[in-house]
Amino acid sequence: MSNEESVNKTEESVNKTEENVNKSESSAKNAAGNLISSILSLKEKNPKVFFGAIGGIVVLLIIIMASGGDSTPSVSGPAAKNVVVGQKYVLKSPNTYDKSSTIRLVAVPGTIAAYDDTEEDDRNGLCKHMPQGTPVTVTDLQDFSGKRNAFAKVQMLEGECQGKDGWVLSINLQ
């Protein structure tokens, strides 16, 4: 095969490709033109159906835009269980996997300074940091910051703190 023959074949394939592109382009234009003409003829023949379809599309778009998505947050904290006064529970923090971590008991529910353990007595005071798994009984409940029963007053059932009480976050009761 000579160079002239290969050049001729290449030119022929380029010409065929250009023809195919032109045909595709013209067929797309024809399809769009046919669609527009059929829509306009529907407008002339049956205007109620035409404007009803446009209204339906508008209503559908409004519904899609107004729905917006799920209103619940994608990240939520541990769910507080329904704590009942008089029931027995154990202290367990849902925020840790460390078995040796302790749960802080405070004298007054919701006190901000309760978690400030800068004083020696706060860090080492008896019955202020209870180990997880300590059995307790709920004696009272307290709402806080718009959350129902956010704090629970508990009484220790075992150990050196048996009979002593303190307030704990309700999510720390299992």
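**Exercise 1.** How many salt bridges does a search of the whole structure find? Identify the side chains that take part and describe how accessible they are.

*Solution.* The model is a predicted one, and a search through the whole of it finds one salt bridge. The partners are Asp 165 and Lys 153, whose side chains meet at 3.5 Å, taken from N to O. This pair links distant parts of the chain, since Asp 165 belongs to strand 6 (residues 165-169) and Lys 153 to strand 5 (residues 147-156), 12 residues apart.

**Exercise 2.** Find the disulfide, and work out its handedness from the torsion about the S-S bond.

*Solution.* The search of the whole structure finds one disulfide, formed by Cys 127 and Cys 161 with their sulfur atoms 1.8 Å apart. The torsion about their S-S bond is about -100°, so the disulfide is left-handed.

**Exercise 3.** Is Met 65 buried or exposed, and to which surface patch does Met 65 belong?

*Solution.* Met 65 lies in helix 2 (residues 47-67). Its relative accessibility is 65%, and because exposed means over 50%, Met 65 counts as exposed. Met 65 is one of the residues of a nonpolar surface patch, which also includes Phe 51, Ile 54 and Leu 61 and has about 910 Å² of accessible area together.

Terms used
Residues numbered from 1 in each chain as written. Predicted model: local features only at pLDDT ≥ 70, side-chain atom pairs only at ≥ 80, totals over all residues. Heavy atoms only, no water. Patch = residues over 30% accessible without salt bridge, like charges linked within 9 Å, V, L, I, M, F, W, Y side chains within 5 Å. Areas by Shrake-Rupley, 256 points an atom, 1.4 Å probe, with all protein chains shown as cover. Salt bridge = Lys/Arg side-chain N within 4 Å of Asp/Glu carboxyl O. Helix = DSSP H or I, 4+ residues; strand = E, 2+ residues; numbered from the N terminus. Buried < 20%, exposed > 50% of the residue type's maximum accessible area, 1.4 Å probe, protein only. Disulfide = S-S within 2.5 Å.
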